[in-house]
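Here is a short report on a model.

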Amino acid sequence: MDAIRFDGVHKAFRRAGIDFVALEKVDLAIAPQEFVAIVGPSGCGKTTCLRMAAGFEFPTSGEVTVDGRIVTAPGPDRAVVFQQFALFPWKTVFENIELGLRNKGVPKAERGDRVAEAIALMNLQGYETAFPHQLSGGMQQRVAIARAYVLDPDVLLMDEPFGALDAQTRVVMQEELVRLARRNPRTVLFITHSVEEAVYLADRVAVMTRRPGRIKEVINVKPVRVAEHWDDHARIEDVMDLESFVHLRTRIWKSLRDEKGSQDR
Amino acid sequence: MVSLAQRPLTSAETIGYGAIGLAAFLALWSALSLTGLVPRQFLPGPLEVVSRMVHLVGSPFAGATLPQHLASSFLRFAYGFALGAVVGIPLGLLMGWFRWLDDIVTPIFDGLRFIAPIAWVPFAALWFGTGVGGPILIIFAGAFPPCLINAYRGARFVSRPLIEAAQMLGTPSRRVITEVLLPASLPSIVAGLRVSAGLGWQSLIGAELIVASTGVGFMMVQAQLNISTATVMAGMLAIGLVGLLIDVGLRQVEGAVRRRRGLQ
Ligand SMILES: Nc1ncnc2c1ncn2[C@@H]1O[C@H](COP(=O)(O)OP(=O)(O)OP(=O)(O)O)[C@@H](O)[C@H]1O
Ligand SMILES: [Mg+2]
């Protein structure tokens, strides 16, 4: 059974009395423990897709299912990393990351251990008692990621999670995410503007058309990655230099470029 | 003048200008009363008022000393204010969360809130007497609306992603109110408490002018009957000072909340 399915999903928003079509017939099936990245022009409906999988938004027609069940509400089985972080400003870094575990009824001692682990993973040691407004944008983003990771969810929904990071931190996070994904695979729906990031991280990359969004094509990266032994390279720049990587990147880039070109009107 | 208005003032300048304003006010007041331009009975001078006030601190007037009157007023105020907060804040938060509750309460609330607290005096006295209960109802009438409105606004305009984040982390719907709405609304709520305390304190004195057998308002009515204008003014001064103290206290709370939130 697919972990996440979009079946003929159509989404219109009503704005100022007129229907505004954001998504038009989106079909996408994500297998359990598969890592799928979505790339597409700004405003094409990537976030809207993710929000429907999360249970914040519902299709106008069509179906979004997770584990075979139609999504009706948000829940901790689908941890979300928001594009705008959405940290609780009145909670410390520690408390922000801890809330999900508290809601699950995890005992205090275990909570402390798991939060500490997530904090170490995200390189946030020493900031446990800081408030979000005392952190840089990149650090806030790492707290948001830690808050999702710590739940150890079946499904991770990540909306441009590395967008606010500087180039170096971003690379570290990408490598870390790949390590995590290989060691402890889970279903990931990952939105990004970076084609490199998508090719490096994902098993498959879905390219969306400009608004109203549809899935234009899905590029299968995993067979290439396995055949060409990408995972033997510890560093992202070594992978990016591989001919097989460059080839896929160029292909997706062209596909996207056609979309952006047709946007002029 | 233009350059002054555009440049932020140093705190010394702010205090200096404040002192100028106060001095001018006192000078005008003294001039009016001391020169006999206005009869002393109509307007006692500043010195006379202050010395009367000092006198009232030690010797009873209308059955109690000034501090005793103030204590009795303040206690009533504290009850009414606390009641307004305890009812207004949770109700406002719930109205911000449950649309149906908003729809039920808003028409009633809008219908009642333009009635000045003082207008409740006859019924307050009728239902709860003129001792403690009646005045508390009147303070409540003044203190309750800002508590409710600010809690409601705070809850209503909580950023959506924060609610969604809490839901995604498995927070049950009921607990979203305490986990997100309340803390997110806190800056708005404490701002409301300041307004609420001001209105409550004003309403109380108004109420005491009509009902009650102790309190600063009562003392002033008795003074008026005795044509002791200096006592009336000493009462006004005391009301102003205590009101200021309450506001300064709550301003500290507000500042602490905002600083903790990184809002200033
Ligand atoms: N709540 C809403 N009400 C009205 N229109 C909306 C709403 N949410 C999204 N839209 C519209 O739907 C379209 C898709 O938005 P979405 O946020 O999914 O885009 P996106 O692909 O994530 O863009 P970006 O890459 O810039 O984040 C946009 O044109 C947006 O204006
Ligand atoms: Mg988006």
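Which residues of chain B make a nonpolar surface patch of about 630 Å²? The patch is made by B:Leu94, B:Phe98, B:Trp100, B:Ile104, B:Ile108, B:Leu112 and B:Ile115. Patches take residues with over 30% relative accessible area and no salt bridge, joining like charges within 9 Å and nonpolar side chains (Val, Leu, Ile, Met, Phe, Trp, Tyr) within 5 Å. A salt bridge puts a side-chain nitrogen of Lys or Arg within 4 Å of a carboxyl oxygen of Asp or Glu. Areas are Shrake-Rupley values with a 1.4 Å probe; for residues, only the protein chains shown count as cover.

This is a predicted model: local features need pLDDT of at least 70, side-chain atom pairs count only at pLDDT 80 or more, and totals for chains, interfaces and linings use all residues. Residues are numbered from 1 along each chain as its sequence is written, chains are lettered from A and ligands numbered from 1 in the order written, and side-chain values use heavy atoms, without hydrogens and water.

Helix α5 (residues 99-112) of chain B gives the most to the patch, four residues. Helices (H or I, at least four residues) and strands (E, at least two) are DSSP runs, numbered from the N terminus. B:Phe98 sits in the loop between α4 (66-97) and α5 of chain B.

The magnesium ion (ligand 2) is coordinated by A:Thr47 (OG1) and A:Gln83 (OE1), at 1.9 to 2.6 Å. Donors are N, O and S atoms within 2.8 Å of the metal (3.2 Å for Na, K and Ca); water is not among the atoms, so sites may look incomplete.

| Residue | Relative accessible area | Class |
|---|---|---|
| A:Thr47 | 26% | partly exposed |
| A:Gln83 | 30% | partly exposed |
| A:Thr65 | 9% | buried |

Buried means under 20% relative accessible area, exposed over 50%, partly exposed in between (1.4 Å probe, protein chains only). A:Thr65 lies in strand β4 (residues 61-66) of chain A.
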